[in-house]
Amino acid sequence: MSSGPGVPLPREGRRILRRSWTVLVGTASARSRPFLTPIYYVWCGDEVFITTGPGSWTGRNVTANPHATLVFGGERGGPAAPRMRVTGPARCVDGWMPPRALVRVALRYYLAPRALLDQLRHLRQIPLRQRYYAASRDGMGYLVVRPTTVELLDA
Amino acid sequence: MPHPYPPTEPYQSGQVPTTDRPARRVIRDVEPSAVADLVDDAPRAHLAFVEGNRAEVVPVVTRRVAAQQLVAVPGGARGLDGREVHLVRDDGQYWFELRALAVRGVLRAIPAPDDSGREGGDPLPWFRLEPGRTVAWDYGQLREADDE
């Protein structure tokens, strides 16, 4: 549909993003093996911030092969649901996300009413969640993808 | 300090040290049978493969016939016969709702199964997935591992 750094999103693409909660992140390993996984994200300006760090499979793949293919949408509606595919260079970053991205992650995935309800239903598992992430070997981090191509997918 | 946001991809770790007893791993993985509904009726299914040292990702249609996992590629991606792929079927929005079934395997081209055509459209290319490593997870089942 369009390409180039800082590609403008089509109206349909913005609509897909509003309804898309996890982005499918495709990467290739150092040995050229494919890997795909759904991850939380926020799109801020010209960059997509993805909540996985350098110790994950995706993080290690990006370190070895700094490119990612992202697919947004399709969570509901089956194969016919609209999707948007984005590609671009990716990099892994240690530490905290920039505040502008971090706040959006918190608002969308932690503090939204349905997110709060989800956590309320699983109160007893919250400490387990903390342990689950505290056990990461390589500390906190995140992924940044700078879109260079944007394409709406027809089913 | 706890993570302020939840990566939905697992880290390859890890034990949490305690002072009085061996730590038990916290896991989100489940048996594939625990998310069997995703095989037959996943809200979304996608396939990744490598083309020119880059990952390509395409939405797919999946079907189970007997014990075989069949995959159709609506986009008509070419040259997938014999290719290694990573098939992911997933569901959920919020943290404890997130579930998925991820299968690494090799595609083998097959004739289209019965009743698989598209009315008024081109027939889809169908493949049988020769499954390799399979990983299933359900964050709603987050728990301490039983094996330690």
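Predicted model: local features only at pLDDT ≥ 70, side-chain atom pairs only at ≥ 80, totals over all residues.

Visitor: What makes β5 and β6 of chain B a pair?

Guide: Two strands pair if DSSP finds at least two bridges between them. Strand β5 (residues 61-65) and strand β6 (residues 68-72) of chain B have 5 bridges, in the antiparallel sense, so they pass. Their hairpin has 2 residues between the strands, and Ala66(B) takes a positive phi near 55° there.

Visitor: And what is a strand or a helix in this account?

Guide: Both are DSSP runs numbered from the N terminus: helices are H or I with at least four residues, strands are E with at least two. Counted that way, chain A has 5 helices and 9 strands, and chain B has 1 helix and 10 strands. From the N terminus on, chain B reads β-β-α-β-β-β-β-β-β-β-β.

Visitor: Back to Leu70(B). Why does Leu70(B) count as partly exposed?

Guide: A residue is buried if 20 or more other C-beta atoms lie within 10 Å of its own, exposed if 12 or fewer, and partly exposed in between, with C-beta atoms placed from the backbone. Leu70(B) has 19 C-beta neighbours inside 10 Å, so it counts as partly exposed.

Visitor: Which residues is Leu70(B) in contact with, leaving aside its neighbours within four places in sequence?

Guide: Contact here asks for C-beta atoms, placed from the backbone, within 7 Å. Among the partners of Leu70(B) are Thr62(B), Val65(B), Pro113(B) and Trp126(B). Pro113(B) is 43 residues away from Leu70(B) along the chain, yet their C-alpha atoms are separated by 8.8 Å.

Visitor: Why is Trp95(B) called buried?

Guide: Trp95(B) has 22 other C-beta atoms within 10 Å, so it is buried. Trp95(B) sits in the loop between β7 and β8 of chain B.

Visitor: What about Leu142(B), buried or exposed?

Guide: Leu142(B) is buried, because 21 other C-beta atoms lie within 10 Å. Its place is the loop between β9 (126-138) and β10 (143-144) of chain B. Leaving aside neighbours within four places in sequence, Leu142(B) has contacts in both chains, including Arg129(A), Tyr132(A) and Val26(B).

Visitor: Which residues of helix α5 of chain A are buried?

Guide: In α5(A), residues 126-134, they are Arg129(A), Tyr132(A) and Tyr133(A). They cover an arc of only 85° around the axis, which puts them on the same side of α5(A). The arc is that of the directions from the helix axis to the C-beta atoms. Part of what covers these buried residues comes from the other chain: β1 (26-27) of chain B is included.

Visitor: How do you know that the buried residues of α2(A) share a side?

Guide: The buried ones in helix α2 (residues 57-64) of chain A are Thr58(A), Gly59(A), Asn61(A) and Val62(A). Their arc is only 165° around the axis, which puts them on the same side of α2(A). Strands covering them include β2 (23-28) and β3 (34-39) of chain A.

Visitor: How many residues does each chain bring to the contact?

Guide: Chain B brings 45 residues and chain A brings 56. On chain B, β3 (44-51), β4 (54-59), β7 (84-91) and β8 (99-110) each supply at least two residues of the side that touches chain A.

Visitor: What makes chain A as compact as a globular protein of its length?

Guide: Chain A has 5 helices and 9 strands, as we said. Its radius of gyration is 16 Å, close to the 15 Å that the globule rule gives for 155 residues, so chain A is as compact as a globular protein of that length. That radius is taken over C-alpha atoms, and the rule is 2.2 Å times the number of residues to the power 0.38.

Visitor: How much of each chain counts as buried?

Guide: For chain A, 44% of the 155 residues, and for chain B, 39% of the 148 residues.

Key. Residues numbered from 1 in each chain as written. Chains lettered and ligands numbered in written order. Contact = placed C-beta atoms within 7 Å.
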